[in-house]
Amino acid sequence: MLITVICTMISVYALWKSYSFAEKQREKIYVLDGGASLIMALQQDVNQNRPAEARAHVKMFHEYFFTISPDKNTIEERVTQAFALAGSEAFEQYQNLKESGFYDKVIAAGINCEIQTDSVIVNPESYPFKAYYYGKTAIVRTSNITYRNLETECLLSSCARSDVNPHGFMIEKWRVIDNSDIGVVNR
């Protein structure tokens, strides 16, 4: 009877260890390097890198939306790319700027708008993620450069990944907190 119990315990232990070994092996991917050498790549959990992807998503949206050149087609192309990353608030902001004649003035005056990211802060503890963007914009005219502070906030919710939205986030409730002038430099 004792031998039967010991054999059963050894069998259960062996099955348990083989199952855990198989699970560990499923996390490994082997890649052939030109048929010459075998390189091991580790599979990562998708959620492990989500905060970094969220920061990159917010930064990408702001670069598309606020980097403007004096060309109507380029403006429409970049804003369309920004719309793939954000909800209706971005479209409403674009409509307001368009109706106020902002883009027409940019094209007529040959103005370039450039953005520089200072930081993006994402709170991954709650869902949807709350994000804050801090940066500066430079409005480059032929006579001067106007520097402006840019602070925005938004919520990030998950959505399907695609070629136009590679991080799989959608910006919601986006609003500009501060867009004040910092200074003007003559050229």
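A cavity here is a set of points, on a 1 Å grid over the protein atoms alone, where a 1.4 Å probe fits but cannot get out, and its lining residues have an atom within 4 Å of a point. The model is predicted, so to speak of local features takes pLDDT of at least 70 and side-chain atom pairs count only at pLDDT 80 or more, while totals for chains, interfaces and linings use all residues. Residues are numbered from 1 along each chain as its sequence is written, and side-chain values use heavy atoms, with hydrogens and water left out.

Among the residues lining the cavity are Tyr64, Phe65, Ile75 and Arg78. Helix α3 (72-83) and helix α2 (50-66) each give at least two lining residues, helices being DSSP runs of H or I with at least four residues and strands runs of E with at least two, numbered from the N terminus. The largest share, four residues, belongs to α3.

Over in the strands, β3 (residues 112-123) and β4 (residues 129-140) pair in the antiparallel sense over eleven bridges; pairing takes at least two DSSP bridges between two strands. Five residues sit between them in the hairpin. Isoleucine 121 has tyrosine 132 in β4 as its bridge partner.

Glycine 135, also in β4, counts as buried because its relative accessibility is 1%, where buried means under 20% relative accessible area, exposed over 50% and partly exposed in between (1.4 Å probe, protein chains only).

Note on methods. On a 1 Å grid over the protein atoms alone, a cavity is a set of points where a 1.4 Å probe fits but cannot get out, and a pocket is an open set with protein on both sides within 12 Å along at least five of seven lines; lining residues have an atom within 4 Å of a point.
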